[in-house]
Amino acid sequence: MKNFTPYLLALSLSIIFASCSSNEAEVIENNPENLLQSYTLKRDATGAYSIDFNTTNNTDVTTVTNVDNSKEIILAETPQKTATKHSNDFSIENDHLKIGFLEANNGKRKSIYVEDENITFAKGITEFLNSYSITANEDGTYQLNFVVNDNVNTDFIYNEKIEAYEVHLSNGNALQKVFSRQLEVGPNETLKINFVNYKNTSSKSDTETYVSVEEKPVIVIS
């Protein structure tokens with residue numbers, strides 16, 4: 001029996017290592033790399049929308065327009081080296097914009113929905129909000145940056161009733177114009193951000209003034 005011990009030991013180790021290698025290969029195969037690394041949705045002071053996004057260096061990018069006029073950015077793995085930084089420009093149509101990411105290698109989807117007005121045809125929509133951006137980081141957190149115009153009071157709250165972050169904007173004497181907030185949501189939860197505008201409006205007789213509330217833009221990311 002002593003003569004067979006080294007052989008049996010070597011055979012056992014060989015089986016163990018083979019099993020480990022097989023399991024590792026299975027894990028890699030079942031968990032393909034995320035092609036989409038991060039992205040930033042932006043609206044500038046002119047009202048123009050765009051998305052900057054980063055991918056791995058072996059990602060083919062195709063943007064298509066669906067029948068409902070939504071935009072879909074399809075990411076597919078390719079053996080060739082590719083650019084990792086990309087940018088697409090979009091426009092608000094019929095007061096909304098819908099953009100989707102689809103990773104063909106693992107079937108993962110990301111949906112971005114925006115309700116806003118086309119500033120070109122909506123005079124005065126930038127009365128409070130100047131510009132904003134939302135960045136989806138690799139660690140699952142989000143970064144909201146926004147700039148308001150002069151003399152705008154800003155209040156940032158979380159509305160538990162509708163499970164949404166709200167930025168309340170109104171006329172005032174505040175000096176701060178640039179804001180930044182880090183937002184966290186669960187891996188399968190939806191991020192909702194509402195900009196709530198309180199506007200002073202005069203009646204037809206100009207004898208009374210009342211406040212109208214308008215929620216735009218509204219952003220939903222899932």
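Which residues form one aromatic cluster? I looked this up and found Y49, Y132, F146, F179 and F195.

**Ground rules.** I am working on a predicted model, where local features need pLDDT of at least 70 and side-chain atom pairs count only at pLDDT 80 or more, while totals for chains, interfaces and linings use all residues. I number residues from 1 along each chain as its sequence is written, and side-chain values use heavy atoms, with hydrogens and water left out.

**Aromatic pairs.** I took rings of Phe, Tyr and Trp (its six-membered ring) as paired if their centres lie within 6.5 Å, with planes under 30 degrees apart called stacked, over 60 edge-to-face and the rest tilted. The count by this rule is eight aromatic pairs. Y132 is in strand 8 and F195 in strand 13, 63 residues apart, and the pair links distant parts of the chain. Strands here are DSSP runs (E, at least two residues), numbered from the N terminus. I then checked accessibility, with buried meaning under 20% relative accessible area, exposed over 50% and partly exposed in between (1.4 Å probe, protein chains only). Y132 is buried at 3%, and F195 is buried at 0%.

**Salt bridges.** My criterion was a side-chain nitrogen of Lys or Arg within 4 Å of a carboxyl oxygen of Asp or Glu. I searched the whole structure and found seven salt bridges.

I noted K216 with D95, whose closest N and O atoms are 3.9 Å apart. K216 lies in strand 14 (residues 209–221) and D95 in the loop between strand 5 (85–90) and strand 6 (96–103), so this pair ties together parts 121 residues apart in sequence. D95 is partly exposed, with a relative accessible area of 38%.

K216 also forms a salt bridge with E117, again with 3.9 Å between the closest N and O atoms. E117 sits in the loop between strand 7 (109–115) and strand 8 (129–136), 99 residues from K216 in strand 14. Both E117 and K216 are buried.

I also looked up K199 and E214, which meet in a salt bridge at 3.3 Å, N to O. K199 lies in strand 13 (residues 191–202) and E214 in strand 14, so the pair ties together parts 15 residues apart in sequence. K199 counts as buried at 17% relative accessibility, whereas E214 counts as partly exposed at 24%. Salt bridges with shared partners join D95, E117 and K216 into one network.

Methods:
Helix = DSSP H or I, 4+ residues; strand = E, 2+ residues; numbered from the N terminus.
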